[in-house]
Amino acid sequence: MRSRRQVIAGVVSAILAGPAQAARAYWPTVQSWETVDPSRVGFDAERLDAAVGAALADNSTSVLVLRGGRLAVERYAAGVDPARPLEIASAGKSMVSILVGVALDRGLIRSLDQTAADFITPWQDTPKAEITIRQMLSMTSGLDITGLRDRGVAGDQFQINAAAPQRDPPGTRWAYATPIYHLLFHLLAKAAGE
């Protein structure tokens, strides 16, 4: 597990890396982030404070607000240790979706309608070869995830999740499917060669 800062820094790095990043004078790192006064970067300090307070009152455990890669606000709920690693669970789906967009923008993925079997080779020459990246992102892959665990998976998670049987034709049924997002982690790694 990673700390909140490590996760956010990784996503920020992935989003900002590339040609546009070369012109930036500042680059956040996992170990050190510059902070900035919220009012100096265009935030109404009172309204931002109220929004952060409302988020924490609504059971958020931490709120980090960035502007230009710099930390404008970092607040935690009572009893939350910012240095303690925390599983971010479903928030990872948003991050994976962003990274799919980055991969698409960089040409590592041709299209959201590209078959996932281009990256998940056990699906080639099977009915699963019709599943697209878009269908994985929209949770309409048609795979049956019954019995697959989201956490504490023993063994090769990629092989286990890729072996899920086809329940419905791709694109015909929506089902909340964390294991399919786990497959997207592997798809992105293969697309990026990292």
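## Charges over rings

Let us start with a side-chain pairing: Arg67 lies over the face of Phe43, 4.2 Å from the ring centre. Here a charge sits over a ring if NZ of Lys or CZ of Arg is within 6 Å of the ring centre and within 35 degrees of the ring normal. Lys93 takes such a place over the face of Tyr181, at 6.0 Å from the ring centre.

Please keep in mind that this is a predicted model, where local features need pLDDT of at least 70 and side-chain atom pairs count only at pLDDT 80 or more, while totals for chains, interfaces and linings use all residues. Residues are numbered from 1 along each chain as its sequence is written, and side-chain values use heavy atoms, leaving out hydrogens and water.

## Lys93 and the helix pair

Lys93 belongs to helix α3; helices (H or I, at least four residues) and strands (E, at least two) are DSSP runs numbered from the N terminus. Is Lys93 buried or exposed? Its relative accessibility is 11%, so Lys93 counts as buried (buried means under 20% relative accessible area, exposed over 50%, partly exposed in between, with a 1.4 Å probe and protein chains only). Not counting residues up to four places away in sequence, Lys93 touches Met139, Tyr176, Thr178 and Tyr181, where contact means heavy atoms within 4.5 Å.

Helix α3 (residues 91–105) and helix α6 (residues 178–192) have axes that come within 10 Å and cross at roughly 35°. Those axes are lines fitted to C-alpha atoms, for helices over the stretch in contact, with angles from 0 to 180 degrees between N-to-C directions. On the α3 side, Lys93, Val96, Ser97, Leu99, Val100 and Ala103 meet Thr178, Tyr181, Leu184, Phe185 and Leu188 of α6.

## A buried tryptophan

Trp123 sits in the loop between α3 and α4 (133–137). With a relative accessible area of 1%, Trp123 is buried. Leaving aside neighbours within four places in sequence, its contacts include Ala116, Lys128, Met136, Leu143 and Leu183. Trp123 and Ala163 are 40 residues apart in sequence, yet 8.6 Å apart in space, C-alpha to C-alpha.

## Two loop residues with positive phi

Asn59 is not a glycine, but has a positive phi of about 75°. Its loop runs between α2 (45–57) and β1 (62–67), and at 71% relative accessibility Asn59 counts as exposed.

Met139, also touched by Lys93, has a positive phi of about 60° although it is not a glycine. Met139 is found in the loop between α4 and α5 (157–162), and is buried at a relative accessible area of 10%.
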